[in-house]
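Student: I am new to this structure and would like a close look at one part of it, the sheet. Please go through that part step by step.

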Amino acid sequence: MPIAVTSPFFHLMPHLKDEILTQYPECRFKETFPPIGGDELIDFCKNCDGAVIGLDNFDDYVLSKLPDLKVIGLCSAGADHVDPFAMKKYSKRMGWVPGINKVAVAEMTISHMINILRNFHKYSRGVLDGSWPSRREGTLLQGKTVGIHGCGNIGKEVAKRLKPFEVNILASDKIDYLDFYSEYGIARVSPEELWERSDILTVHVSRNKSTIGMYTPDILDRLKSGVFIVNTARGKLFDEVSLYDRLQDGRIKAAAFDVFAIEPAIDNPLFQLENFYPTPHTGAGAQESWEAMARSGIRGLTENWIPEPGKYPYD
């Protein structure tokens, strides 16, 4: 069974390459790191029965040109780079494990919260530039009200890690995780109440047609004055221009983002702000997380389904 492997994880960790070759000796490995699409992706996957992919773009055009391709195993936290309409149209199967990187992203989220609350990012920049600030201000995570928007796989892991910090936790999700909320002392609230009450807002919703552009200027104006925002979910959820304006005038105290509307996010105006802390989409950047995602991609060749538009993760 010829397999096209586009995920970079197999280059970064050669033992994973050995694992997939043991099961599928007819593998071809992409030699470049960035995701590919269009004719380049078609040429690479031509005559293969399966693919184990990173963030490569499998749209209608690509899938229409790959009649031999039967199944795609995803080595990724999201699935929005695979077109569910085209997958169903051409009867292609997909293997994907939601929340595969949940621990790595949850750890980063807590780190980002503390970073912007205590201004560590700002002071680190200053020290590297040769200054030593006379005032070193910040505020504690302890005692704050933390709002979790999206309490699925990653949101739950964030909530678990917040408990020792003695915070008040609010959660808003379209699903009522009643038992989990009860176990961890979490108050379920509407999105409106979440926005009004949260001292810290952390976003963990999927990116789909209902969430793209969710944080409009109007919604940003409904947030509690002086709120801290963390987004380690997906890009395109926030209006970045409006976010910039509200960070600049102080309505939003500070923000830490790992994801952006356009990536690579080079020369993003947000990076000019002292109260904005960016990271380069590295929420899953832990060896353990990479291994888990790579192995989930391999499993996806045998554990899979034809995705249905309108159903998770394409709801």
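Student: How many strands form the open sheet, in which order, and is the pairing parallel or antiparallel?

Tutor: This is a predicted model, in which local features need pLDDT of at least 70 and side-chain atom pairs count only at pLDDT 80 or more, while totals for chains, interfaces and linings use all residues. Residues are numbered from 1 along each chain as its sequence is written, and side-chain values use heavy atoms, with hydrogens and water left out. The open sheet is formed by 7 strands in the order 8-7-6-9-10-11-12, and their pairing is parallel. Strands (E, at least two residues) and helices (H or I, at least four) are DSSP runs, numbered from the N terminus. Two strands pair if DSSP finds at least two bridges between them. At the edges stand strand 8 (187-188) and strand 12 (276-278); each has a single partner strand, so one side of each is left without a neighbour in the sheet.

Strand 6 (residues 145-149) pairs with strand 7 (residues 168-172) in the parallel sense, over 5 bridges. His149 has Ser172 of strand 7 as its bridge partner.

Helices also pack on this sheet. Helix 8 (residues 153-162) touches strand 6, strand 7 and strand 9 (200-203), where contact means heavy atoms within 4.5 Å. The direction of helix 8 makes about 165° with that of strand 6; axes are lines fitted to C-alpha atoms, for helices over the stretch in contact, and angles run from 0 to 180 degrees between N-to-C directions. Helix 12 (residues 240-249) packs on the sheet against strand 10 (227-231), strand 11 (252-257) and strand 12, and its direction makes about 135° with that of strand 11.
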